[in-house]
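Good morning, everyone, and thank you for making time for this.

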Amino acid sequence: MFSIDLLLGAVVLGVLLGCFYAAVSVGLSVSFGLLDVPHVAHPAFLVLASYGVYQLNESYDIDPLLAGLAITPLFFLFGLLAYRTYHETFEKRGSDAAVRGIAFFFGIAFIIEVLIILQFGVDQRSVTATYIGKSWRFGEMRIPIRQLVAFAVALTLTALLAVYLSKTFMGRAIRAVAQDEEALRLMGANPVRIKQYAFGIATAVLGIAGALLIIVAPVEPTLDRAYIGRTFCVVVMAGLGSISGTLIAAIILGVAESIVLTLFGASWAPAISFAMLLGVLAVRPQGLLGR
Amino acid sequence: MKRRTFLGGAMAVAVVGHGSSAFAQQPPIKIGMSMPQTGGLAGGGKASLLGIEIWRDDVNAKGGLLGRKVELVVYDDKSSASETPAIYAKLVDVDKVDLLFAPYATVPTAPIMPFVKQRGLLLMGNFSFQVNSKVGHDMWFNNAPWGPADSWAASFLDLAQKAGGKNMALLTADQEFAQNLALTARDVAKKRNIPVVFDQVYPPNTVEFSSIIRALNAAKPDIVYVASYPPDSAGILRAVNEIGVGDNVKIFGGGMVGLQFAAVMSNLGSLLNGVVNYNTWLPEKSMYFEGTKEFFDKYTKRAIEAKVDPLGYYLAPFGYAMGQMIEAAVNSTKSLDQKGIAKYLRENEHKTIVGPIAFAADGERKETATLQAQFRGVKDKDIEQFRSPGKQVILFPEKLKTGELISPFEAARK
Amino acid sequence: MTGHRNSIIFWGGVAVFLVAVLTMTQIVRNEYPFFAGYVILQFIALAVAWSILGGYAGYVNFGTNAFFGVGVYTAVALFKATGAPLVVQIAAAAVVGMTLGFGVGLLTLRMRGIFFSIATIALAIIIETFVMNWRFVGGAAGIQIQRPPVMAPFDSYVKMLFFVQAILAVTAISIARYIQNSKVGRGLQALRDDELAAECTGVPTLKLKLIACMISGALISAAGAPAAMYLQYADPFSAFNLTYSVSALAMALIGGTAHWIGPVLGAILLGSTQQFLAVTISSEVNVLVLGIMLVLFVVGAPKGIIGLLRPRYRLRAGGKP
């Protein structure tokens, strides 16, 4: 079964898949990685965004990516609201914020799932666009165009976010608040407001990521459960809060999954990626590119 | 025997005293079941339940069973095996239902099989696959058209071999139903000396099938048998369309769950063309029996407000047929005695809206009526097109056939 | 010496409870209460076991489903291979769960709390994948199990399972209570409040965490073991269902984790609500109730039910200098 050609194909497809994983995880890299919020409802927001995109695509025939862009302001507001609630009820009250925060976000995730079911039913949904269902021929290989779209958008998204966090004033403030909240406070800035803004951005990014999710494959209301493991795995493997690390870790995950799917027993694929995560945690708990 | 006389007497009183329209005085006949209304099986479960509800309303409009009104007691099992034992215990011991229907699908049904056997209760099965083979309960009757365990793979391989297929690739989901299909497919292939050149099991929640399809192509199979679940069926067909499977593939499909549901079919649209897949009921002219058309008229109306599958071909008419069989059995035995009903169901052939049904000793169909049908001329984004005949041409079984296989797969896709 | 009197009350209560359960199995003929009661008792055991690590030490285990599934499949494998009786299955599940807890603890407990949580998610997926590929226990297709004949004095297997699960729940509670009042419990609470400070004052944090992880794991797996006989069927999807993780966590937090009674109350409240809703409303609203209850409690009643019942209830101050 083994051949260089197959291996090469698996690597290429794995890189594309990995970039998609990066796009759905990068928001979590900010909210969990930088802000320390145990945001297990992140994938639920992601699926919610996909349904938003679906609705726009279905009723107004808007391109899914544009639809994703269109709902980002709304998700920015969701993010502000979610962080404000989280902060007021947990962070302010101290010690076991993380434990109860997890329960809180699990609750939110369940509520989102049910609301989606009540509105859209349990059937899976997908979108239409000119680039879905076609492929691009590259020598002997054929690559699905939707994967290339996801790849390009994901790269742009992570690059923009990385630049934003390192070059702009607000971006630097966000990094600063992650590193030393107290120092920032002494300098006269309001760390809560900065964190709230950062959480807003992390959630807004989900608009685009949700569009990619439904472009790559159909979605159903409880799809978020499958992404809890994957997104947290990427963010932790990356080293909390590192945007470039997120991209690298996601690509490693994508390539590993793709190689196992192609060349070894596909049924072992999920175990391999998570075994890698456990390995990284055991050997290098700060992640590949930890801060 | 005493009880039966008593029941008969009660019925006579009911008929003489009140006439058929006033069955409010009589306690209703309760039929209990769990049904997946949340979780992975909910889409199918809700459609199946609507089919059963339509039967209930029809039978009540005719005056009920034995002059008594029929009532359904339905609980949600969340698509999980761990919920059903408590639910069926409640149905039997607390609600004291008169008859039991099984939930849609194998996993929620498996845990209640030993329970009904031990209590000696009749259970009408609802699309489980070979759930009785190890339990051996003689009061189990499955409404699904599956028939003998290996007939599914056999019918597909018949078609494949006729088209010149010599070796097989097997792509199956790592889930209960698909794995059971894969087992029989391997067996049948072995018996017929068809080498299996590719045998891959993929995990649930696989996002991207491009790499798997590439690996499959590398094995150069000419029969591709796929047993997949709804979310993956779409992913596989997309990847097949984009990557291609090569001109040597004679036939593709077989056991893809999901391609029977309206939402999935309209999502996939033209990607479906050429795929040969199993089905249970299709709007082809050979499939209409007494009452079939009336049933779908009612279903189509009620599906909209119930937010369930607008077509409802796969499960709903079989839910209705399950009711019809019970109706016939209760009316002819004139009692609710479960042993008597089981005896009647085992010994007779039953007329239903999905055709005549006769049971083998294991409670499955004597002969398989599982269709293998090929998608043809399907356009994108149009649910209504599937209501007209010719979109899914029936190739098997012989009795119901409405066309011939177009092969190879690539030719059939155009 | 109130501690001594407390003990007498506690063990008296345990004895009364078990006698009541046993009597119930002999008198009540309707089987439904035993089916539903089994599920609630199972959740009591899970929630209490979870809170030994999650509550006392503040390490959130997302992998309850991993330990539960391991319990189920230990029982299945053992029963299929040797036909071992239920007691042996449960004991074996406890040993395997404890070993697993030791391994996981060793691998991950040096990390900050949240990393531990993520590692447990990963663990659950890895073990589930392993079981899916293990043909001997049916793999992904699942396996049907024929129960052996029931033993006296019980007249039905479900009643016996109900009694067995009652013993498991009581065992979990007794161990949790013992830990809470012992040096181990005080050490765990010290490290929960401030791990670094605890370590500096000489609390052997890693050792304590390992002990908690092993005991918690053993109890969860033991509670899962009878599920194979209860369902007479096992499949990886049901055995490793994420619902077990979320329920255990939700029940413990809703009840309150500062005292062993908290998870018990949480499990009774949430477990019976779920059983009740399953046979009344029976729709998506069911899941919605769990979500809303979780959010309401963690926002409105941070100390859970026990916090509401005794507003001035204080955490037992552990690790005093």
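Which helix of chain A has the lowest mean pLDDT among the elements of that chain, and which has the highest? Keep in mind that what you see is a predicted model, so that is a question about the predictor's confidence in each residue, on a scale from 0 to 100. The lowest mean among the elements of chain A, 76, belongs to helix α7, residues 181–186, while the highest, 94, belongs to helix α2, residues 42–60. For chain A as a whole the mean pLDDT is 86, and 96% of its residues reach 70 or more.

Let me turn to chain B, which has 14 helices and 12 strands. Along the principal axes, its C-alpha atoms fill a box of roughly 75 × 40 × 35 Å. A compact globule of 414 residues would have a radius of gyration near 22 Å, and chain B agrees with that, because its own value is 22 Å. Of those 414 residues, 61% count as buried, and among the contacts that join residues at least 6 apart in the sequence of chain B, 74% are between residues at least 24 apart.

Finally, one residue. B:Arg387 sits in the loop that runs between β11 (371–375) and β12 (392–396) of chain B. Is B:Arg387 buried or partly exposed? B:Arg387 is partly exposed, because 14 other C-beta atoms lie within 10 Å, whereas a buried residue would need 20 or more. From B:Phe115, B:Arg387 is 272 residues away in sequence and 40 Å away in space, C-alpha to C-alpha.

Technical notes. Residues are numbered from 1 along each chain as its sequence is written. Chains are lettered from A and ligands numbered from 1 in the order in which they are written. This is a predicted model: local features need pLDDT of at least 70, side-chain atom pairs count only at pLDDT 80 or more; totals for chains, interfaces and linings use all residues. Helices (H or I, at least four residues) and strands (E, at least two) are DSSP runs, numbered from the N terminus. A residue is buried if 20 or more other C-beta atoms lie within 10 Å of its own, exposed if 12 or fewer, and partly exposed in between; C-beta atoms are placed from the backbone. The radius of gyration is taken over C-alpha atoms; the globule rule is 2.2 Å times the number of residues to the power 0.38. Two residues are in contact if their C-beta atoms, placed from the backbone, lie within 7 Å.
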